Amino acid sequence: MDVHVELLLGTKVRDTDGNIVGRIEELRVDRDDNSCRVESYLIGASAVIERLSAWTLIRPVARALHAHKLYQVYDVRWQDMDLSDPARPKLRIARSDLRHVK
Amino acid sequence: MRLKRLVVVPLVMAIGCKPPTPAEQLDSIVSWVSTAKMAGDAWLRHTTPDKYTRQTLELSGQMLLETGSQVLRSPPATLDSAAFDRALTSTRFNIAEMARFVEEKDAGRFRQPWDSLRIYLKTMRDFSASAAAGK
Amino acid sequence: MKKILQLSLGIVTSVGGFLEIGSVITAAQAGAQFGYKLLWAILLGTLCLIFLVEMSGRLAAVSKHTIVDATRERFGFPFFFIVLIGVVLIAFMVLVAELGGIGFGIQILTGVGFPWWAVPVSLLVWLLMWKGTFGLIENGASLLGLVTISFLVSALKLHPDWSSAASSLLPSMPDGDKARYGFLAVSILGASISPYLMYFYSSGAIEDKWDTTYIPINRFIAGLGMTFGGALSMAVLVVAALTFQPRGIQVDTFPQAALMMTTALPRWGFYLFAFSMIFACFGAALEVSLAIAYFFSQGFGWNWSQDIKPSKNSRFAFIYTLIILLAAIPLVFGIDPIKVTVLSMALTSATLPLAIVPFLLLMNDPIYLGKYRNGWISNTVVSIVVVISFVLAVISIPLQIIGG
Amino acid sequence: MHLVRDVLDKKLTDRENCPMGRVSGLLMRVSETGQPRVTHIVIGGATLWMRIHPVVGRLSSRLRKLWGPGRREAIRIPWSQVQTVGRDIKLDCKARDIGALDWEIWLARNVIERIPGSGSEEEE
């Protein structure tokens, strides 16, 4: 099945219980000579910061405000994401099993 | 949000700018009489083209007519309407004379209405000041 | 040697390119109504513009990206599209105002009304874009724009009260109409910080193939050039304050503004004003229409350069052709360029965050700029000025409309 | 590599460094079992407008069917033609051949070259 990556951006992801985990903001890929494989999806508000590469501005502010929540970005491995309905992505694992980045 | 503002603000501005208060209208009258005076000064020094001077004088006259009649429609309490009307008519007549002599390139006869414009300018200033004080 | 030449040309550009109908009319209105009081707005706007211009040159020199390229890449198409609509709409209004300014300049010289000049003037602007190279436009138009230095001469000849002028460099509350004061401050800020100048400048840096060795020169051009430009704007305000305010003249129409220099420079003042407006608005009209064409071409990734023939970048040429022709239409129908000017300058202020905030984020991006990222000074100055002009705009534009 | 930050909306150039637009969209193949792969780079009007809103996207593709030069669908370039991903994305193809310059050529033929002094006379 073909999925439009650009339309996947900003769609809400639900976990196994149907709760919203966050929005897909970025895709990590691994590229070699002639293929490009999706490794993981970055989910959460701060993934936008990652995508805008705005950490140099945000980090000092976040530190000053002790806003640790800002650092919450989930990195969902491709195995754990169910894209059988691209408009309604689901996690295959529980929220507690998600790993953080940064 | 931003998009909305982009549309709404010009719309509002296009539909209705705020109506000027009588004090502002009297200021505007002073401004136009003064403009006519200044244009006359410059023309007498032969530093502005005839056409520009005539057009500016005509524009002054027209603006005085429009703004003046607006003031007279709802005059502020402190304004002596009859005196103001008389002064306005003479001022406009003077400016029309100036425009005519510019067209005829007659600097000699131009001087007379140009000179009396100074007095009318002072009269208009007084009206404007009294309106501002009365407020 | 080439860089030295570029340096002087850059300064000439900014002297010629800074002043246009927006800064002249807003400064003249402010001076006529409030005396020196609003000088601080020009100072603030110029300060912000220095930083913004320096930043756009640095971005181009280091990353080989214009602001538009980087905005589209970093923020994606949906956001870019919003910026595109906002910037292009306002730039279009500015273009209408500039074409009107040229028309007005010719009107006071010939006595033939500006609507008649709209089509010939826009055709002339278009012709220069069609046939001229970037260097010709940049340098030719701005060399002619040097005639605007006459404002500076006039201001000096009128012997301004320096101490009271200097004290107006700090903001203060006016005695009179506060809503009008705020609105004029907003328009002045908008006229000084014209975003189209940044798009034009960064595209110019790409056209001139800048690299990191240009960073010091860029800093110098931005600093010195914009300072000159700001000084010219201040001169307009001072001249208006000294000639119009005591006479009680308000600058509601262009023929009134034309009297501005007739006392300071009795013999040539009138003609210097007319030619200043014609040349300055001509340069600005070229810059604005180029900026709009750059915006589309860079945003959508088309081929663009002012230095190649129109048939080699047809979409780029099509955009400016269309825009210039469209801009003539409202003028033919006699829309008042002064009203368009004042409105577009105030709207520029109100939409500044839209153009500047993404730009500021880009300037802190290590991927684009590496070690040449913004320092805290640039970030702070630009954010503060943008916040001030935005807040002022949001407060004073509605007040101006409903009456404060 | 980050797909959105580093690929989407980047400028595309062909073998001869001719600009051919920006990455409007990316196609990813998802299967039940295997790892998802990015298969195509998409350039084209409807794909781009779809990102603003589906309604705009559909409108754009409907208009495109009625009017405009060249091919009617979005251009899909297989990922295998990607040479380098850097400041721009360099592709191993020719912009003219795959239709990325349809509008450019159409406008040049129908509008720009009909205006005197467009510079088209000199090369032919």
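**View 1. Chains B and C make the most contacts among the four pairs of chains that touch.** Two residues are in contact here if their C-beta atoms, placed from the backbone, lie within 7 Å. Two other pairs stay apart: chain A and chain B have no contact, with their closest C-alpha atoms 19 Å apart, and chain B does not touch chain D, the nearest C-alpha atoms being 14 Å apart. Please keep in mind that this is a predicted model, in which local features need pLDDT of at least 70, side-chain atom pairs count only at pLDDT 80 or more, and totals for chains, interfaces and linings use all residues. Residues are numbered from 1 along each chain as its sequence is written, while chains are lettered from A and ligands numbered from 1 in the order in which they are written.

**View 2. Chain A is built from three helices and eight strands.** Helices (H or I, at least four residues) and strands (E, at least two) are DSSP runs, numbered from the N terminus. Along the sequence they follow the pattern β-α-β-β-β-α-α-β-β-β-β. The C-alpha atoms of chain A fill a box of roughly 45 × 40 × 20 Å along the principal axes. Of the 102 residues in chain A, 31% are buried; a residue is buried if 20 or more other C-beta atoms lie within 10 Å of its own, exposed if 12 or fewer, and partly exposed in between, with C-beta atoms placed from the backbone. Among contacts in chain A between residues at least 6 apart in sequence, 48% join residues at least 24 apart.

**View 3. Confidence along chain A averages a pLDDT of 84.** This score is the predictor's confidence in each residue, from 0 to 100. In chain A, 94% of residues reach 70 or more. A friendly reminder: where pLDDT is low, the predicted coordinates should not be read in detail.

**View 4. Chain D meets chain A through 20 residues of chain D and 22 of chain A.** On the chain D side, the elements giving two or more residues are α1 (3–6), β3 (25–29), β4 (37–43) and α2 (45–52). Strand β3(D) provides the largest share of that side, five residues. By class, the side of chain D that touches chain A has twelve nonpolar, four polar and four charged residues. Nonpolar covers Ala, Val, Leu, Ile, Met, Phe, Trp, Tyr, Cys and Pro, charged covers Asp, Glu, Lys and Arg, and the others, Gly among them, are polar.

**View 5. Strand β1 (residues 2–4) of chain A runs antiparallel to β3(D), joined by three bridges.** Two strands pair if DSSP finds at least two bridges between them. Zoom in on A:His4 and you will find D:Leu27 of β3(D) opposite.

**View 6. Helix α4 (residues 67–110) and helix α14 (residues 314–332) of chain C pack at an angle of about 65°, with their axes 9 Å apart.** Axes are lines fitted to C-alpha atoms, for helices over the stretch in contact, and angles run from 0 to 180 degrees between N-to-C directions. From α4(C), the contact includes C:Phe92, C:Leu95 and C:Gly100, and from α14(C) it includes C:Ile323, C:Ala327 and C:Pro330. The contact has nine nonpolar, two polar and no charged residues.

**View 7. B:Lys105 has a positive phi, near 55°, in a residue other than glycine.** B:Lys105 sits in the loop between α4 (81–103) and α5 (107–134) of chain B. B:Lys105 is exposed, because 9 other C-beta atoms lie within 10 Å.
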